[in-house]
Amino acid sequence: MRILPLAFALATALPLAAHAAGPALPQLRAYTVDASWLQPIAPLQIADHTWQIGTADLTALLVQTPQGAVLLDGGMPQMADHLLHNLQLRGVAPADLRVILLSHAHADHAGPVAELKRRTGARVLANAESAVLLARGGTDDLHFGDRFTFAPAQVDRIIMDGETVDVGGMRFTAHFTPGHTPGSTAWTWTDTRNGTPVRIAYADSLSAPGYTLKDNPRYPHLVEDFRRSFATVRALPCDVLLTPHPGASGWDYAAGSKAGDKAMSCGAYADAAEQKLDDALTR
């Protein structure tokens, strides 16, 4: 006689009604954002070769060079078509997009990277921390778990702190600013305005939305990383500061020609972020 495992025997002995007891399982929750994050805007000129081509409240920067274009960040996953349309408006064919650089690998900034890479052939460059999160499509995030996911993407080249990326005479320098994510990165380059050099800093988010700041088992030195990153941002070559969420640095892309009238300096941006961190730690 065959003896069934005890757990199986008990389970099959229970009436079917018992399996149906209890509350209904929860529905899946979509990643929804403010409408302004998804509001398309026409390309907005920042400097002679640098354009904001994202949405009203998410930055995606296009830098055009004689040897192809560079894109810094892409916004939400559903923004791929919009970005390609704005590339076309700027005279950039998909095959002319050479490189994609990232501030960090969250869904609201790296969401369309996999699709853009597939449709343009652009190479994706990021540091090792961001490469891991990109490859996981945002899953197992240190602070958000699996809440904000996107199509996974593979990085073509790992970038080190202080390393430069040269495209068509334009040199982009990586400055690691961990805190918002372990892979957070600021990028700097020099463009021109009417022929006069202008140093542009694209500094990553310095916020900690809902993070466990003290005794965080998965990021034990989070606060120390933030402190170092504040100092790094203060020291950036920074005539013009831009950030992934424009409002964080005083930009209002919907204002058109007046978009940067209230733009902050790198020092002011770091000071405001540090004050918010101190307030959070006090609470």
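In the predicted model, R218 counts as partly exposed because its relative accessibility is 42%, where partly exposed covers the range between buried (under 20% relative accessible area) and exposed (over 50%), computed with a 1.4 Å probe on protein chains only. R218 is placed in the loop that runs between β11 (196-202) and α7 (222-234), helices (H or I, at least four residues) and strands (E, at least two) being DSSP runs numbered from the N terminus. When residues up to four places away in sequence are not counted, R218 touches D140, D141 and L142, a contact being defined by heavy atoms within 4.5 Å. The side chains of R218 and D140 make a polar contact at 3.0 Å, that is, a pair of N or O atoms within 3.5 Å of which, within protein, one must be able to donate a hydrogen and the other to accept it. D141 lies 77 residues from R218 along the chain, with a C-alpha separation of 9.9 Å.

The protein chain as a whole contains eight helices and 12 strands, and its C-alpha trace spans about 90 × 45 × 35 Å along the principal axes. Of its 283 residues, 47% are buried. Among contacts between residues at least 6 apart in sequence, 62% join residues at least 24 apart.

Residues are numbered from 1 along each chain as its sequence is written, and side-chain values use heavy atoms, with hydrogens and water left out. As this is a predicted model, local features need pLDDT of at least 70 and side-chain atom pairs count only at pLDDT 80 or more, whereas totals for chains, interfaces and linings use all residues.
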